[in-house]
Amino acid sequence: MRRSMLIVGLLLAGILAGWCGHALTPSLAKPRAVEPRGALPEWEQVPIRRFKEAAPSVVYITTTEERSRDFFGLDVVEVPAGSGTGFIWDDQGHVVTNFHVIQGAARAYITLADGSRHEAAYVGGAPDKDLAVLLLAKTPPKLRPIPIGTSADLQVGQTVLAIGNPFGLDQTLTTGVVSALGREIQSVTRRRIAGVIQTDAAINPGNSGGPLLDSAGRLIGVNTAIQSPSGASAGIGFAVPVDTVNRVVPQLIARGRLERPDLGFEPVAPRLVERAFGPQKGVMVGRVVRGGAAAKAGLQGVGAEGRRVLPGDLVQGVNGRPVEDWDALLDAVEALPLGGTVDLEVLREGRKLRIPLRLEAARD
């Protein structure tokens, strides 16, 4: 018995020694040879080139807000408030971003593509369009403004590129296509932003304010929102069209605000119109401001005849473009130059009229 156990023990020792010897023996395996792949195809080279060209124009924005350190508020400190993306508009150091990126901030800081960090001043904003302009406190040399395109001729299916700083990860590129055009989203003021571009390029928190580019590397939109139950990209992102941006930003730089026309009347709330006169398509003129544009054009507001309420003019179109509500009417006239005249299609007591109205600047 003892002899058998001794034999088994020797065999096991031999096996273990073999294993250990194998483990201690240097491996003879070598790295495999790399297969040559040749040049990248053109469809891969295009986004690489566009990213390299546009990246120097894209910036990372961080904001701070002031808070009291103690109950009595005698010791005020700055704490991080949020972050987002922007892009260089011109060589004077103006930077464009979303209004909601800097809303409520005490200070804003901009990190350029070279890693340098600069304080920036607030120049102006258009909350209704979710756009804002900042100005670098000190203008660095050789700023690269982003090339500007147009959103008027975009087509569903076009390739698009988005550059931003999602979750604080700077200089991130995502690609996709134009998924839809003419969408509407809600701004921070609850007013609709019309003509919005929908894209499936991944847009996440931190991408807000960054550029949406076409395959030529031109700005076609400002990434502003996503539709997602989780708060992360679900393949539905939205961008303010560049034609809106190119109209609004110069006004923000010049005046700090978006100059808009004053139509000279107050609209009647749709629920009140329906309650009093039944369903209507258009904007009913309520109170006409004395001496305003509507009064000069001859528009008639809601009136009364004894106990009977008389409907005001129902504005249903601007220059042949139908309008169904107040936001649509404002979008139509705000896209036109001040001082010009528009033709309003008006329904008055069952008659269709065409009434010219001169667009006057709203007074502060």
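**Figure 1. Phenylalanine 265 is buried in this predicted model.** The relative accessible area of phenylalanine 265 is 6%. Which aromatic pairs does a search of the whole structure find? The search returns one. Phenylalanine 265 belongs to strand 14 (residues 265–267) and tryptophan 326 to helix 7 (residues 326–334), so the pair links distant parts of the chain, 61 residues apart. A pair of aromatic rings is described by two quantities, the distance of the centres and the angle of the planes. The two partners fall into separate accessibility classes: phenylalanine 265 is buried, while tryptophan 326 is partly exposed at a relative accessible area of 28%.

**Figure 2. Arginine 260 and glutamate 334 form a salt bridge.** The N to O distance between the two side chains is 2.2 Å. Arginine 260 sits in the loop between helix 4 (242–255) and strand 13 (261–262), and glutamate 334 is in helix 7, so this contact ties together parts that are 74 residues apart in sequence. Is glutamate 334 buried or exposed? Glutamate 334 is buried, with a relative accessible area of 7%. Arginine 260 is partly exposed, and its relative accessible area is 25%.

**Figure 3. Lysine 296 and glutamate 360 form a salt bridge.** The side chains meet at 2.9 Å, N to O. Lysine 296 is a residue of helix 6 (residues 293–297) and glutamate 360 of strand 22 (residues 360–361), so the bridge ties together parts that are 64 residues apart in sequence. Lysine 296 is exposed, with a relative accessible area of 59%. Glutamate 360 counts as partly exposed at 21% relative accessibility.

**Figure 4. Strand 20 and strand 21 run antiparallel.** Strand 20 covers residues 341–348, strand 21 covers residues 351–358, and eight bridges join the two. Which residue of strand 21 is the bridge partner of valine 346? The partner is leucine 353. In a regular strand the side chains alternate between the two faces of the sheet. A salt bridge also joins arginine 354 to glutamate 345, with the closest N and O atoms 2.7 Å apart. Arginine 354 is exposed, with a relative accessible area of 54%, whereas glutamate 345 counts as buried at 17% relative accessibility. Elsewhere, salt bridges that share partners join a set of residues into one network: Asp128, Lys129, Glu184, Arg191, Arg192, Arg260, Asp325, Asp327, Asp331 and Glu334. The structure holds 22 salt bridges.

**Figure 5. Glutamate 349 takes a positive phi in the hairpin of strand 20 and strand 21.** The hairpin has two residues between the strands. Glutamate 349 lies in this loop. Its phi is about 50°, although glutamate 349 is not a glycine. Glutamate 349 counts as exposed, at 72% relative accessibility.

**Figure 6. Lysine 142 has a positive phi.** The value is near 60°, in a residue other than glycine. Where does lysine 142 lie? Lysine 142 is in the loop between strand 6 (131–136) and strand 7 (159–164). With a relative accessibility of 85%, lysine 142 counts as exposed.

**Figure 7. The charged end of arginine 117 sits over the ring of tyrosine 109.** The distance from the charged end of arginine 117 to the ring centre is 4.2 Å.

**Figure 8. The protein has seven helices and 22 strands.** Of its 364 residues, 39% are buried. For contacts between residues at least 6 apart in sequence, 59% join residues at least 24 apart.

Technical notes: Residues numbered from 1 in each chain as written. Predicted model: local features only at pLDDT ≥ 70, side-chain atom pairs only at ≥ 80, totals over all residues. Heavy atoms only, no water. Pairing = 2+ DSSP bridges. Helix = DSSP H or I, 4+ residues; strand = E, 2+ residues; numbered from the N terminus. Phe/Tyr/Trp six-rings, centres within 6.5 Å; stacked < 30°, edge-to-face > 60°. Buried < 20%, exposed > 50% of the residue type's maximum accessible area, 1.4 Å probe, protein only. Lys NZ or Arg CZ within 6 Å of the ring centre and 35° of its normal. Contact = heavy atoms within 4.5 Å. Salt bridge = Lys/Arg side-chain N within 4 Å of Asp/Glu carboxyl O.
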